[in-house]
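I opened this entry to look up charged pairs, surface and pockets. My notes follow in the order I checked them.

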Amino acid sequence: MGSMPGPPCLLWLLLAVAFSGVPRAQPLAPQDFGEEEEEEAPRPPGPAVLCDYDRCRHLQVPCNELQSAGPTACLCPGLSSPALPPAPPRLGDVHVVAEDGSAEVRWCAPASPVHRYWLLLWEGGGPPQKSGPFNATVRRAELKGLKPGGAYVVCVVAANAAGESGAPGPGAGGQASEGSAGSAGAGGPALGPCGRVVVPPRPQSLVHAAVGVGAALALLSCGALVWHFCLRQRCGCPRAPPAGIGPPRSPRPAS
């Protein structure tokens, strides 16, 4: 029988087998260090981009929601403190539809946090009529029941948890806005929360008025002619002689 290896030989044999299974570390070339430094270098921030936010756009999503929904961060316009009442909105175009007795009112949001809007409508010197509340995304509303030929003052009011914006009322009505279906008024409202709205008469009313004035003139003309003939017959005014027939001439004296 062969002799068994001693304990020292057996220990060296086990160590050789163990180290043979461990992978050797490969040396790094200088170019590898350069690639790692390039990957770890911080990238400069990109240019700031404004959010797609328009204060006058109807059903406009709030700007803070646009920031969180977009793939990249964007900038929002500055707003006042939520602890303060909002600034007054700016009244936009007012489209009047005389046939329906209605008007479409548009406005722009202020640079303040807003939770809701509503409209105030004055007719004459009476108290204002208040519309229902609109949420913060609304920039357009319709007024109904306007009288043809009537003059009104409309104001937009914004409100948040701290209070509401002021509405000057009828004393602050700007230039009158007058128009018809599908067309803007001849004059726009002033830059502010209020403006004057003048509803023109209905076209049918104008036609009826023209027909009535024509009929009245025709009746007056007929009455004047009848009165003239009756007056001539009652007073016995002589009639004018026919053309070419004059009074008899006196004979000339003989020379």
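I looked up Arg 106 first. Arg 106 is partly exposed, at a relative accessible area of 34%. The model is predicted, so I treat every value here as computed from a prediction.

Which residue does Arg 106 pair with? I found a salt bridge to Glu 104, with the closest N and O atoms 3.0 Å apart. Glu 104 is also partly exposed, its relative accessible area being 25%.

I then checked Glu 104 for another partner. Its side chain meets that of Arg 140 in a salt bridge of 3.8 Å, N to O. This pair links distant parts of the chain: Arg 140 sits in strand E6 (residues 140-143) and Glu 104 in strand E2 (residues 102-108), 36 residues apart. Arg 140 counts as partly exposed, at 34% relative accessibility. I noted Glu 104, Arg 106 and Arg 140 as a network of salt bridges.

Next I took Lys 147, which forms a salt bridge with Glu 123 at 3.6 Å between the closest N and O atoms. Lys 147 lies in the loop between E6 and strand E7 (151-160) and Glu 123 in strand E3 (residues 116-123), so the pair ties together parts 24 residues apart in sequence. My count of salt bridges is four.

I turned to the surface. Val 213, Leu 217 and Leu 220 make a nonpolar patch of about 310 Å². Leu 217 belongs to helix H4 (residues 203-235) and is exposed, at 52%.

Last, I looked up the largest pocket, which holds about 310 Å³ of space. Of its 18 lining residues, those closest to the centre include Tyr 53, Cys 63 and Val 114. The lining divides into 13 nonpolar, four polar and one charged.

Methods. Residues are numbered from 1 along each chain as its sequence is written. This is a predicted model: local features need pLDDT of at least 70, side-chain atom pairs count only at pLDDT 80 or more; totals for chains, interfaces and linings use all residues. Side-chain values use heavy atoms; hydrogens and water are left out. Patches are made of residues with over 30% relative accessible area and no salt bridge: like charges are joined within 9 Å, nonpolar side chains (Val, Leu, Ile, Met, Phe, Trp, Tyr) within 5 Å. Accessible areas come from the Shrake-Rupley method with a 1.4 Å probe; for residues, only the protein chains shown count as cover. Helices (H or I, at least four residues) and strands (E, at least two) are DSSP runs, numbered from the N terminus. Buried means under 20% relative accessible area, exposed over 50%, partly exposed in between (1.4 Å probe, protein chains only). On a 1 Å grid over the protein atoms alone, a cavity is a set of points where a 1.4 Å probe fits but cannot get out, and a pocket is an open set with protein on both sides within 12 Å along at least five of seven lines; lining residues have an atom within 4 Å of a point. Grid points are joined across faces, edges and corners, and a volume is the space filled by probe spheres set on the points. Ala, Val, Leu, Ile, Met, Phe, Trp, Tyr, Cys and Pro count as nonpolar, Asp, Glu, Lys and Arg as charged, and the others, Gly among them, as polar.
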